[in-house]
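Hello,

Here is the structure we spoke about. My notes follow below it.

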Amino acid sequence: MLKDFSVMNNEIQAKITEFDLEQTFECGQCFRWNKVYENGYLGVSRGRVLEIEQKSDRFIFRGTDRDTFENYWMDYLDLRRDYGEIIEKVSTEKNMIKATQYGNGIRILLQDEWEALVSFIISSNNNIKRIKKIVDGLCSIFGNPVEYKGHVIFAFPNPEDIYGSGCDDLGDIKCGYRAGYIIDAVEKVHLGEVDIGSIRKMNYQQGAKELMKIKGVGPKVADCVLLYGGAKYESYPVDVWVKRVTEALYLKKDSKPDEIKSIAREMWGDLAGFAQQYLFYYARENQLETGEVK
DNA sequence: ACCCAGGTCATCA
DNA sequence: TGATGACCTGGG
């Protein structure tokens, strides 16, 4: 975790343990951070740009100021949390020990709830590469441009930026049948039928119920939004990878999502979301079909 | 041509 | 409630 940081020459420097840019930004939880050079990533959240460079456990943050860093990015990057402690607590058996060693620099980002919602609507029955492409397309059409060191980055559009558009207006981003889902989300959030801004205050059940009012939002998408945007760390999103690996390691049989979620809750309690992320990253990066440790 | 990808929906019993 | 197909799109 981050203990303190220093500001000089418009740069913020800090030593942070259990943090790796590639693991955190490429583990499938977010879709808008891009590698711009070796060990350097550039991203935007809620219209704020940030450049991060990593040298082992030393980090340099650029494009921000002390106030924004302390009041926004510290929380976004979850830098106040002791992930050494998280890893220790979820490493309940040998496979999880392996998974947490493999992804020991993963942090769960606190993303904008609306961005997480739309991103994971797009994620359904889709692959990560194409999800990124579609999300980028949505931003370049509807988002506000932000300039940084010659890069033009488009912020993620707010509901009001998209409101008034129809499915046809989303044709260029090639999101297929998900266009209708996105429009439904835009309308319900914009008109106040869904209170996306309150999911962090709600409990897990309330949050899930609220999110699933939207077309295209089922249990898996709701779980992702609650975990990555709603800080509901007991959430255990069950996709094809997590299903495979959880069944193989713990259940030893074909199981329904609710059974998979409940055993995760038994093993890791309100830290199940962290466990899920380590397992997902480990299984997917190693293309594990059975979940067995190699 | 067929299958898959961080699933959900409509339909049917 | 629970099971079964269909589904935009692009890559292997």
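How do strand β1 and strand β2 pair, and over how many bridges? The model is predicted, and local features need pLDDT of at least 70, side-chain atom pairs pLDDT 80 or more, while totals for chains, interfaces and linings use all residues. Residues are numbered from 1 along each chain as its sequence is written, chains are lettered from A and ligands numbered from 1 in the order written, and side-chain values use heavy atoms, without hydrogens and water.

β1 (residues 2–8) and β2 (residues 11–16) are antiparallel, with five bridges; strands (E, at least two residues) and helices (H or I, at least four) are DSSP runs numbered from the N terminus, and pairing takes at least two DSSP bridges. Met8 is bridged to Glu11 in β2. Two residues separate the strands of this hairpin, and Asn9 in the turn has a positive phi of about 50°.

In helix α6, Ile131, Ile134 and Phe142 are among the buried residues (under 20% relative accessible area, 1.4 Å probe, protein chains only). The buried residues of α6 pack against β3 (34–37), α5 (113–122), β8 (151–154) and α7 (159–162) (contact: heavy atoms within 4.5 Å).

Around DNA strand C are Asn125, Arg130, Lys174, Cys175, Gly176, Tyr177 and Arg178 (a heavy atom within 4 Å).

Regards

Note on methods:
Buried < 20%, exposed > 50% of the residue type's maximum accessible area, 1.4 Å probe, protein only.
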